[in-house]
Amino acid sequence: MSMILSASVIRVRDGLPLSASTDYEQSTGMQECRKYFKMLSRKLAQLPDRCTLKTGHYNINFISSLGVSYMMLCTENYPNVLAFSFLDELQKEFITTYNMMKTNTAVRPYCFIEFDNFIQRTKQRYNNPRSLSTKINLSDMQTEIKLRPPYQISMCELGSANGVTSAFSVDCKAHQRLEPATLSGIVGFILSLLCGALNLIRGFHAIESLLQSDGDDFNYIIAFFLGTAACLYQCYLLVYYTGWRNVKSFLTFGLICLCNMYLYELRNLWQLFFHVTVGAFVTLQIWLRQAQGKAPDYDV
């Protein structure tokens with residue numbers, strides 16, 4: 001069943017709760033969502049004015065205006081337009097009832113707890129959408145959401161609560177995007193692929209030579225294929241973000257150097273110089289292409 005479960009009014013600058021509904025359920029999922037409420041409260045000043053956080057079977061939506069944020073928890077299938085229309089009603093009533101001076105000078109949590117009466121009445125109305133008589137407002141809200149959809153908060157952005165990392169954010173860095181590729185990065189990617197292809201071709205030739213005349217050491221074949229793998233892994237590191245990315249790139253470059261040292265007898269100095277130089281150049285490009293920060297206009 002789709003429904004609104006709870007709502008809170010929070011001061012943006014410090015996360016102080018000003019008012020809240022008092023009907024939290026005691027299920028495990030709801031207890032987890034209470035933690036997310038607290039985590040979001042501490043980050044409101046860094047987030048856009050309209051956001052959604054998906055937490056399994058529940059969604060947390062909030063809007064912020066004039067230093068106050070209005071947050072609600074609903075089931076995952078509750079319509080977005082109803083959720084934000086509900087928050088919009090809370091915002092209008094709160095602004096009408098309390099002036100900014102009171103909200104800015106409040107020092108005690110839940111000092112406007114009497115506002116819960118309005119929250120409860122409004123929640124009951126929105127949990128029975130057929131009784132709503134605000135079709136025009138809902139239509140306006142639907143248009144506004146289409147034009148400016150709520151920012152989807154990822155678990156990565158919540159960070160940690162009370163010093164304990166959220167279980168959902170352990171591997172978040174592995175999914176970060178990198179900065180846009182530069183021309184030198186693209187050139188490095190192509191050259192690394194070329195070196196990998198050259199190693200692969202020489203490796204197959206070494207296999208043929210070994211099968212026909214036993215003329216080549218089997219270790220040469222391993223060195224060629226290791227060199228191929230190292231070059232391809234450099235390409236991967238150049239394109240995707242992984243943990244310990246810079247360390248991995250230096251270790252991969254070290255492997256390229258070792259392979260070329262072992263293949264010293266099969267390559268002339270220019271070939272060795274080319275492979276090592278390309279490896280060093282790509283390692284530099286990996287180091288220069290860092291994870292992309294959040295765009296400053298992500299809420300537009």
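Thr-52 counts as buried because its relative accessibility is 1%, where buried means under 20% relative accessible area, exposed over 50% and partly exposed in between, with a 1.4 Å probe and protein chains only. The model is a predicted one, in which local features need pLDDT of at least 70 and side-chain atom pairs count only at pLDDT 80 or more, while totals for chains, interfaces and linings use all residues. Residues are numbered from 1 along each chain as its sequence is written, and side-chain values use heavy atoms, with hydrogens and water left out.

Thr-52 is found in strand β3, which covers residues 50-55 and has 5 of its 6 residues buried; strands (E, at least two residues) and helices (H or I, at least four) are DSSP runs, numbered from the N terminus. On one strand, β4 (residues 58-65), β3 is joined antiparallel by 6 bridges, and with β6 (residues 151-153) β3 pairs in the parallel sense over 3 bridges, pairing being assigned if DSSP finds at least two bridges between two strands. The bridge partner of Thr-52 in β4 is Asn-61, and in β6 the bridge partner is Gln-152. The side chains of Thr-52 and Asn-61 also make a polar contact at 2.8 Å, that is, a pair of N or O atoms within 3.5 Å, of which, within protein, one must be able to donate a hydrogen and the other to accept it, and residues adjacent in sequence count only if both atoms are side-chain atoms.

In the hairpin of β3 and β4, 2 residues lie between the strands, and Gly-56 takes a positive phi near 70°. Further along, β4 pairs antiparallel with β5 (residues 68-75) over 8 bridges, and Ile-60 stands opposite Leu-73 in β5.

These strands belong to an open sheet of 6 strands with mixed pairing, in the order β2-β1-β5-β4-β3-β6. Because β2 (17-20) and β6 each have a single partner strand, they stand at the edges, and one side of each is left without a neighbour in the sheet. On average, neighbouring strands of this sheet are turned by 20° against each other, direction ignored, with axes being lines fitted to C-alpha atoms, for helices over the stretch in contact, and angles running from 0 to 180 degrees between N-to-C directions. Helix α2 (residues 80-97) packs on the sheet and touches β1 (4-11), β2, β3, β4 and β5, its direction making about 40° with that of β4, where contact means heavy atoms within 4.5 Å.
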